[in-house]
Amino acid sequence: MLRYQFYQQISLINQGGFLYLFFSTSSGNFFNIAARIQQSMLFNSWNFFIFLIIIYIIYWSISNKRLKAQNSLLLIASYFFYACWDWRFLFLLVFSTFLDYITGLKIEQSTQKSSKKFWFWLSIGINLGFLGVFKYYNFFAENFAQLLTSFGLKVNVQLLNIVLPVGISFYTFHGLSYVIDIYKEKIRAEKNVVNYALFVSFFPLLVAGPIERATHLLPQIKAPRQFDYAKMVDGLRQILWGLFKKVVIADNCAEIANQIFTNPGQYNGSTLLLGAVFFTFQIYGDFSGYSDIALGTARLFGIELLKNFNFPYFSRDIAEFWRRWHISLSSWFKDYLYIPLGGSSGGTWMRIRNTFIIFLVSGFWHGANWTFIIWGGLNALFIIPSVIAKSNRKNMGIVAEHRLFPNIKETLQVISTFLLTVFCWIFFRAESLSHAIIYIKSMLNRSLFSFPSILPIPLIVLLCIFVGIEWLGRRGNYAIEKIDVVRPRLARWSFYYFILLIVFLFVSKGETFIYFQF
Amino acid sequence: MKKLFKQLILFIVPILIFLFGLDYLMSRYLKNTGEVFGNVTSQYDLYEGRIHEPIVILGSSRAEVHIDPNVIKKGTGLDCYNLGWSAAESELLMYRFNEYCKYNPLPKLLVVNLDMTTFNTQQVERIMRDEQLPFNLYNFEAFHFYDKNILYYLIPGIRYSEKRFLIYQTLLLGIKNQQLETKRYNGFISSDATWDDTQLKKILQSGPRTVVIDSSAIKSFCSTLKYLQEKNVQLMLYYAPEQKASFPLYKNREEILALYQQIAQQLQIPFINYAQGDIVLHKEYFYNAYHLNRTGADMFSHMILNDILQLFKNKLSFRKQTN
């Protein structure tokens with residue numbers, strides 16, 4: 001199945017009327033209601049907006065200051081939210097939660113090492129087993145069959161006709177990190193099942209992260225949460241910015257990028273480069289927009305999630321880019337794969353090997369397709385020179401931190417890093433390796449220097465405004481965080497109204513979030 | 001929390017003022033846009049209850065561009081309105097007709113155009129058209145039919161999100177107090193274009209197809225016709241001519257025409273099949289495989305007129321006009 005059919009399917013069924021349910025459904029259980037809403041709980045949908053308002057009001061008014069009630073409400077809301085995607089997979093989520101909850105307790109209670117190991121590997125095996133079956137079985141089966149065919153052996157491989165449960169890669173990684181941390185005695189097992197279940201299933205992070213750690217999230221879940229006006233406003237502001245990134249930047253870029261990527265042979269090199277640049281902004285707007293909405297939403301409930309993006313396109317080298325892009329996943333792989341493999345403590349070859357492993361696995365985590373593996377491999381390739389030269393931690397701060405504009409050297413570094421990531425994203429976006437190769441071949445020729453046949457001026461203007469705002473706000477946690485200090489209020493609000501007006505005028509037809517497929 | 005809600009309300013008030021204002025201006029000035037955003041004039045006629053014509057034509061674009069109400073009026077002495085709507089399958093036809101009935105009196109004669117795909121309702125995506133937008137606020141029939149989020153129907157202005165060009169054009173005309181002309185007469189619009197089979201060739205390349213009939217759509221269509229019969233509305237069904245080159249496109253073409261005949265017999269409604277007349281042989285009457293141009297439409301309108309005169313001479317009081 002083409003990867004992008006997934007997006008189309010989701011957007012086609014994303015038409016349910018959430019509020020209508022409350023008008024028309026006099027009876028019906030949890031699953032009935034969830035099934036009727038169907039897969040319409042996208043963060044950029046009205047359904048989610050109404051869901052959020054209802055849960056928010058109940059959360060702070062009814063259950064204020066009662067932690068158990070707050071956590072129980074959030075857990076029920078999270079399960080409802082997940083059931084709206086596909087209620088059948090709720091059982092998988094609940095099973096995975098109980099598995100890790102019980103194995104966590106068993107590991108901690110075990111006095112013998114063998115017993116500890118047994119429970120540890122049971123959890124790891126089942127968790128990875130689920131991922132293997134749902135996400136990777138068909139990939140391995142197809143490639144195995146192809147391999148045998150190349151040796152002259154014909155095999156008829158049985159492929160599974162199953163849908164990938166939304167968010168499985170994310171909640172599985174939550175569970176894995178929890179069990180590994182208990183096994184390594186970094187944390188204590190959580191005794192309260194509601195607390196643990198909420199750690200795994202908290203709805204803002206359930207379907208596309210950030211990938212949380214028990215050490216960060218569980219203490220917040222267990223601590224009383226008080227209403228904080230400043231935090232609420234900050235959360236709303238981050239949601240607004242995330243929404244702008246998603247529905248204005250990502251979705252409008254998607255329209256052009258999809259058009260160009262669908263038939264790369266029809267366009268000249270400069271148009272194809274533009275298509276890749278649009279996809280570069282699409283994926284950033286899409287995923288970081290999602291993360292902003294998730295972080296803002298969690299903050300509304302008094303919970304701080306891990307920061308997932310830190311203005312990655314202002315990076316001066318690929319190593320810096322990876323410290324700023326999908327931070328929660330990068331740090332997960334660093335802690336649970338790179339460091340156990342020896343990290344950077346060994347010799348040069350060991351560092352190179354470990355870097356390749358971490359990037360290839362990271363690519364494969366994104367999807368069972370060779371395009372993702374090549375994407376990971378390319379990133380590793382681009383980062384290796386700095387690993388060899390031990391300069392990969394050179395650019396740790398913010399570019400032009402105390403200046404308005406970067407100097408020439410920084411500008412060239414940022415542009416060259418950006419172009420390298422644009423090149424890598426071609427593999428990420430392509431349907432297959434051959435598609436990517438055709439795209440690159442058609443792009444890298446003389447026509448690269450001709451005038452693009454598609455030049456959406458309004459979108460380019462929007463992108464310039466967007467990049468400008470991101471640049472000005474790069475010192476904050478998100479681009480418009482510091483707008484809070486702008487006085488008078490009218491000026492600050494005028495900016496919000498301006499953003500809302502652009503959202504109103506440029507909202508594009510509901511593309512789903514790209515990372516929901518992972 | 002009180003402070004937050006207070007601030008939120010303060011913040012939302014200007015947004016609501018903007019949305020209400022936008023809604024008002026769009027509803028007021030969209031009628032000035034002529035044909036830029038579709039069949040706007042008919043929509044205003046329909047929702048403002050201005051369709052009092054005793055003869056009404058209902059159907060898809062093949063009704064919209066085929067039957068000239070002026071020809072019918074001259075021949076019968078009775079006013080006629082063409083409610084034809086592009087890409088309308090039976091459910092959309094019935095929806096449009098229901099909306100018509102809500103705001104206008106029932107006609108004396110309803111002439112219904114049927115197409116090959118009229119009852120192929122399953123694959124049709126219900127897209128809200130720009131021309132409908134002014135009339136959808138608090139229109140719950142539209143909500144049930146289109147099944148978009150109910151907030152689009154409850155909160156003014158939201159329906160116009162993403163419609164940058166529509167808003168810009170409409171408000172610009174409003175500010176200039178300018179009205180674009182429409183060549184439409186009582187819903188009918190004709191084309192001077194000449195024969196072009198590019199699209200047909202493209203479609204034919206993918207091979208002949210079978211039209212899937214939705215029996216529930218037929219059922220609901222028939223029950224509406226029965227209701228109209230009870231209300232003494234005269235009915236006539238017809239199948240408009242298609243250029244002969246398009247015949248191979250549908251495998252079950254004959255079956256569908258037979259089905260229409262059967263429906264008409266069951267309901268005792270005349271069904272006129274123009275699918276095999278001389279007109280289908282002449283490409284000069286068509287601008288594409290399924291639509292007649294101005295010359296063809298004029299000829300076909302006279303054919304329809306003759307059939308109306310013959311079939312309903314004892315049931316309707318015609319007053320033939322001499323000029």
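Because the model is predicted, local features need pLDDT of at least 70 and side-chain atom pairs count only at pLDDT 80 or more, while totals for chains, interfaces and linings use all residues. Residues are numbered from 1 along each chain as its sequence is written, and chains are lettered from A and ligands numbered from 1 in the order in which they are written.

Chain A is divided into domain 1 (30–227) and domain 2 (230–315 + 428–517), with bounds that come from an automatic or database domain assignment. The C-alpha centres of these two domains of chain A lie 28 Å apart. Their contact takes 20 residues from domain 1 and 23 residues from domain 2 of chain A; two residues count as in contact if their C-beta atoms, placed from the backbone, lie within 7 Å. On the domain 1 side, H4, helix H10 (203–206) and H11 of chain A each supply at least two residues. Helices here are DSSP runs of H or I with at least four residues, strands are runs of E with at least two, and both are numbered from the N terminus. H4(A) gives the most to this side of domain 1, with three residues. By class, the domain 1 side has 13 nonpolar, five polar and two charged residues. In this scheme Ala, Val, Leu, Ile, Met, Phe, Trp, Tyr, Cys and Pro count as nonpolar, Asp, Glu, Lys and Arg as charged, and the others, Gly among them, as polar.

Between the chains, 16 residues of chain A are in contact with 14 residues of chain B. Two or more residues of the chain A side come from each of helix H2 (18–24), helix H4 (46–62), helix H12 (229–262) and helix H21 (489–506) of chain A. H21(A) provides the largest share, five residues. The side of chain A that touches chain B holds 13 nonpolar, three polar and no charged residues.

A residue is buried if 20 or more other C-beta atoms lie within 10 Å of its own, exposed if 12 or fewer, and partly exposed in between, with C-beta atoms placed from the backbone. At least three residues are drawn from each of domain 1 and domain 2 of chain A. Leaving out residues up to four places away in sequence, A:Phe81 touches A:Met41, A:Phe51, A:Phe203 and A:Leu206.

A:Leu218 has its place in helix H11 (residues 214–222) of chain A. This leucine is buried, because 20 other C-beta atoms lie within 10 Å. Beyond its neighbours within four places in sequence, A:Leu218 is in contact with A:Glu190, A:Asn195 and A:Phe199. The C-alpha atoms of A:Leu218 and A:Ile358 are separated by 27 Å, at 140 residues apart along the chain.

Two loop residues of chain A have backbone angles worth a look. Most residues other than glycine have a negative phi. A:Phe311, in the loop between H13 and helix H14 (318–324) of chain A, has a positive phi near 55°. A:His326, in the loop between H14 and helix H15 (327–338) of chain A, has a positive phi of about 40°. A:Phe311 is buried, with 20 other C-beta atoms within 10 Å, and A:His326 counts as buried with 22 C-beta neighbours inside 10 Å.

In chain B, an open sheet of five strands has the order E2-E1-E3-E4-E5, with parallel pairing; two strands pair if DSSP finds at least two bridges between them. The edge strands, E2 (80–82) and E5 (271–273) of chain B, each pair on one side only. Strand E1 (residues 55–58) and strand E3 (residues 109–114) of chain B pair over four bridges in the parallel sense, and the bridge partner of B:Val56 in E3(B) is B:Leu110. Elsewhere in chain B, B:Thr198 lies in helix H9 (residues 198–205) and is exposed, with 8 other C-beta atoms within 10 Å.
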